[in-house]
Amino acid sequence: MAKDIILKTGTYLQTVTNKDIASGKIPGASLEKFVVNLLKNPTCCAKFVTLTKGTVTQGTSLTTAVTLNQPAGEITTFSLATAVLLADTSATFTVNNSFVKLDSLILATINDWTGTLGFPVILIDDVVAGSFKVTVRNVGTVTADGTINIGFAVM
């Protein structure tokens with residue numbers, strides 16, 4: 001079964017189907033090929049994908065849920081040092097987002113880390129309609145510090 005992908009054009013969200021790709025509206029022989037090409041070389045297709053982006057800052061703790069109802073965004077975490085993210089430990093928080101569907105693909109990365117101690121990595125899990133979870137893990141040998149800016153897109 002072919003999946004549709006939501007792309008933003010102007011101020012309206014537009015669903016692009018395999019039929020659109022076949023007619024030449026966006027590059028690639030299939031949606032799957034388009035997404036693979038986009039992931040391999042983001043600059044190849046950037047003019048065809050523009051998502052409205054929002055920002056949110058996590059408050060009170062590293063496990064505090066955040067809400068950001070945009071198809072893309074950046075989350076600034078609570079301070080890792082204040083949260084005491086020890087070596088080889090994790091903390092998980094929920095991102096509430098009305099664009100997330102049960103079969104959504106969440107692309108996420110650490111855009112910036114202000115710290116100098118530890119080594120934080122992220123994992124996306126538990127994608128359900130309306131939310132997904134982010135686990136921040138310190139794979140370093142000392143307690144992590146700083147904040148992390150996590151960029152994400154809902155596909």
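A polar contact is a pair of N or O atoms within 3.5 Å; within protein, one must be able to donate a hydrogen and the other to accept it, and residues adjacent in sequence count only if both atoms are side-chain atoms. The model is predicted: local features need pLDDT of at least 70 and side-chain atom pairs count only at pLDDT 80 or more, while totals for chains, interfaces and linings use all residues. Residues are numbered from 1 along each chain as its sequence is written, and side-chain values use heavy atoms, with hydrogens and water left out.

**Figure 1. Overview of the chain.** The chain holds three helices and 10 strands (DSSP runs numbered from the N terminus: helices, H or I, at least four residues; strands, E, at least two). From the N terminus, the order of elements is β-β-α-α-β-β-β-α-β-β-β-β-β. Of the 155 residues, 35% are buried (buried, under 20% relative accessible area; exposed, over 50%; partly exposed, in between; 1.4 Å probe, protein chains only). Among contacts between residues at least 6 apart in sequence, 60% join residues at least 24 apart (contact, heavy atoms within 4.5 Å). Carbon and sulfur atoms account for 58% of an accessible surface of about 8400 Å² (Shrake-Rupley method, 1.4 Å probe; for residues, only the protein chains shown count as cover).

Figure 2. Asp145 belongs to the loop between strand E9 (131-138) and strand E10 (148-154). Asp145 is buried and has no salt bridge, and Arg137, the nearest side chain of opposite charge, is 17 Å away (Lys and Arg count as positive, Asp and Glu as negative; His and the chain ends are not counted). A polar atom of the Asp145 side chain lies 2.8 Å from the backbone nitrogen of Thr116. For the backbone nitrogen of Leu117, the distance to a polar atom of the Asp145 side chain is 2.9 Å. Apart from neighbours within four places in sequence, the contacts of Asp145 are Leu80, Ala81, Trp113, Gly115, Thr116 and Leu117.

**Figure 3. Salt bridges.** Two salt bridges are found in the whole structure (a side-chain nitrogen of Lys or Arg within 4 Å of a carboxyl oxygen of Asp or Glu). Arg137 pairs with Asp88, with 2.7 Å between the closest N and O atoms. Arg137 lies in strand E9 and Asp88 in the loop between helix H3 (80-83) and strand E6 (89-96), so this pair ties together parts 49 residues apart in sequence. Arg137 is partly exposed at 28% relative accessibility, whereas Asp88 is exposed at 53%. Lys133 forms a salt bridge with Asp126, where the closest N and O atoms are 3.9 Å apart. Lys133 is partly exposed at 32% relative accessibility, and Asp126 is partly exposed at 41%.

**Figure 4. Asn149 and its contacts.** Asn149 sits in strand E10 and is buried, with a relative accessible area of 15%. The side chains of Asn149 and Thr76 make a polar contact of 2.7 Å. Leaving out neighbours within four places in sequence, Asn149 is in contact with Glu74, Ile75, Thr76, Thr109, Ile110, Asn111 and Asp112.

**Figure 5. Nonpolar surface patch.** Phe119, Val121 and Val139 make a nonpolar surface patch of about 260 Å² (patches are made of residues with over 30% relative accessible area and no salt bridge; like charges are joined within 9 Å, and nonpolar side chains, namely Val, Leu, Ile, Met, Phe, Trp and Tyr, within 5 Å). Val121 is part of strand E8 (residues 120-128). With 32% relative accessibility, Val121 counts as partly exposed.
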